[in-house]
Amino acid sequence: MAGVGESVSTQMGMHTEPLTGRDIKTKFTLENEGGFGYHFARDVDFNRRAEIDCADLEPTEINGKIRDLMDSGHGSIVLRNPGAKHSLVVGILNRMNIIVDGSLGYFGCGLLDGPTVRISGRVGWSFGENMMAGVCVVEKNAGSTFGAALRGGDLVCKGSVGSRTGIDQKGGTIVVGGDTGAFSGFMMQRGRMVVCGNAGKNLGDSMYDGTIFIGGEIQDLGVDAVPADLTDLDRAWLTRKLTMYELLPGKGVDHFTKIVAGKQLWSYDNLEPTEKKLVL
Amino acid sequence: MAGTGYKGARIDDVDHFLKGGGIDSEREQTIGQHIGYRYDVNLLPDYGKLTPFLKDYLEFMGWDDLNWLEDVHMGYDDGQAAVFDRNINGWVAIPEDMELPDNQQDRDMIAREMLIKFQMSPDHPLVDLYQAYRKF
């Protein structure tokens, strides 16, 4: 193993200390185990159900009522008449079920960590932004930047979505039953995106890592996005995931195209000008 | 990693990053450090290897699959097996005396189980952060 002291860059005086070890170092200590939820999570019962009529309420009032119901142990909440209001069902760090009977505006279901949300209508842009864990299922269409900066969990749209789906995705799974717009998977860093229909221009542009599966036509690929072979593990996973959300095509998953990062951009700053031209 | 890839190359030795620190390519040797992740972030889970603890966790959460845990793998930091905890933005090292399975899929399941136990513990740093910075 070549140590930092032996490296060429060190000999050239470019740095004098290792760049590793900058992050927090911890060891597993499992002496004081908790349960299955965060220590600060509310104790809710899936069988306790309540409804909120959103018609005459502001978004902050609706989100406040959701938290009040969680405090009283309700694990299933139904939102009636959401009226496409913005920023609803956000910042919930709990397991629970939420059903939205209607449509949401922009920034719906952002910053979630744990709940299962079902929406019977449509959603606006940046739905599920920064979600950490949980499941969100949208029965109809979604706007642009669906699942922006997604970090974990499953984000499902059974209809079609706009452009820049999964921009800056850092984990999790985005599933689209219909088509997706231009620049989907832009700057993707990890995670998985499954689109049963077609993909617009510049798919996976500047993606750093992660995997995109497209069932239909791809208009064109972005910089450093390259096709890869579909493995048996991919097929098993795709079949499992699409079956879960009732989106498995009748002809199976063999026709899906797998797109991954070419990883030519990983050391972009270090490339020679001619190499940069080749990548771009 | 048996049956997995890293930076486009197939890696057959599951202990590759434990033995060598991952300084493989010419560029890595030039700069003297490993580039990128110390594991294959795209490796999909083999659901046949779920542990009883993970099955109980999924049932508790009401999920049909591993959900966010699909992105959790056993990685390798400074030649030691470790799991990356996104909630503290740092590696959590596996105890050195723990015997590791001979394949990445089983190691990933252990990593998922240990990470849940760690994150849900009252000793986790997020508990203090939540108290200090929560907005509602």
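**Fold and local features of chains A and B**

Chain B contains five helices and five strands. Along the sequence they follow the pattern β-β-α-α-α-β-β-β-α-α. The structure is a predicted model. Its scores are ipTM 0.89 and pTM 0.89.

Chain B has 136 residues, of which 40% are buried. Among contacts between residues at least 6 apart in chain B, 62% join residues at least 24 apart. The mean pLDDT of chain B is 84. A score of at least 70 is reached by 88% of the residues in chain B. Strand S1 of chain B, residues 4-6, has the lowest mean pLDDT, at 57. Helix H3(B) has the highest, at 95.

Helix H3(B) also takes part in a helix pair. Two packed helices are described by the angle between their axes and the distance between the axes. H3 of chain B covers residues 52-61, and H4 of chain B covers residues 104-119. Their axes come within 9 Å and cross at roughly 55°. H3(B) is therefore oblique to H4(B). The crossing of the two helices, H3(B) and H4(B), is left-handed. On the H3(B) side, the contact is made by Phe53(B), Leu54(B) and Tyr57(B). H4(B) contributes Met109(B), Arg112(B), Glu113(B) and Ile116(B). By class, five residues in the contact of H3(B) with H4(B) are nonpolar and two are charged. No polar residue takes part in this contact.

His16(B) and Gly79(B) are 63 residues apart in sequence, yet their C-alpha atoms are 9.4 Å apart. Gly20(B) and Gly79(B) are 59 residues apart in sequence, with 7.3 Å between their C-alpha atoms. His16(B) has 19 C-beta neighbours inside 10 Å, so it counts as partly exposed. Gly20(B) has 15 such neighbours inside 10 Å and therefore counts as partly exposed.

Chain A contains four helices and 12 strands. It has 280 residues, and 44% of them count as buried. Of the contacts in chain A with a separation of 6 or more, 28% are between residues 24 or more positions apart. The mean pLDDT of chain A is 90. In chain A, 87% of the residues reach 70 or more. One stretch of chain A calls for caution. Over residues 1-5 of chain A, pLDDT stays under 50. For this stretch of chain A, the model has 13 contacts beyond four places in sequence.

The loop between strands S3 and S4 of chain A holds two residues considered here. Strand S3 of chain A covers 74-80, strand S4 covers 97-101, and Ala84(A) lies in the loop between them. Most residues other than glycine have a negative phi. The phi of Ala84(A), by contrast, is positive, near 55°. With 15 C-beta neighbours inside 10 Å, Ala84(A) counts as partly exposed. Lys85(A) lies in the loop between S3 and S4 of chain A as well. Lys85(A) has 21 other C-beta atoms within 10 Å and is therefore buried. Beyond its neighbours within four places in sequence, Lys85(A) is in contact with Cys54(A), Pro59(A) and Gly105(A). Lys85(A) and Tyr106(A) are 21 residues apart along the chain, and 7.6 Å separates their C-alpha atoms.

Another positive phi occurs in a further loop of chain A. Met187(A) is not a glycine, but its phi is positive, at about 55°. Met187(A) sits in the loop between strand S8, residues 170-176, and strand S9, residues 190-195, of chain A. With 18 C-beta neighbours inside 10 Å, Met187(A) counts as partly exposed.

Definitions and conventions: Residues are numbered from 1 along each chain as its sequence is written. Chains are lettered from A and ligands numbered from 1 in the order in which they are written. This is a predicted model: local features need pLDDT of at least 70, side-chain atom pairs count only at pLDDT 80 or more; totals for chains, interfaces and linings use all residues. Axes are lines fitted to C-alpha atoms, for helices over the stretch in contact, and angles run from 0 to 180 degrees between N-to-C directions. Angles under 35 degrees count as roughly parallel, over 145 as roughly antiparallel, 65 to 115 as roughly perpendicular and the rest as oblique. A crossing is left-handed if the near helix is turned anticlockwise from the far one by less than a right angle, and right-handed if clockwise. Two residues are in contact if their C-beta atoms, placed from the backbone, lie within 7 Å. Ala, Val, Leu, Ile, Met, Phe, Trp, Tyr, Cys and Pro count as nonpolar, Asp, Glu, Lys and Arg as charged, and the others, Gly among them, as polar. pLDDT is the predictor's confidence in each residue, from 0 to 100. A residue is buried if 20 or more other C-beta atoms lie within 10 Å of its own, exposed if 12 or fewer, and partly exposed in between; C-beta atoms are placed from the backbone.
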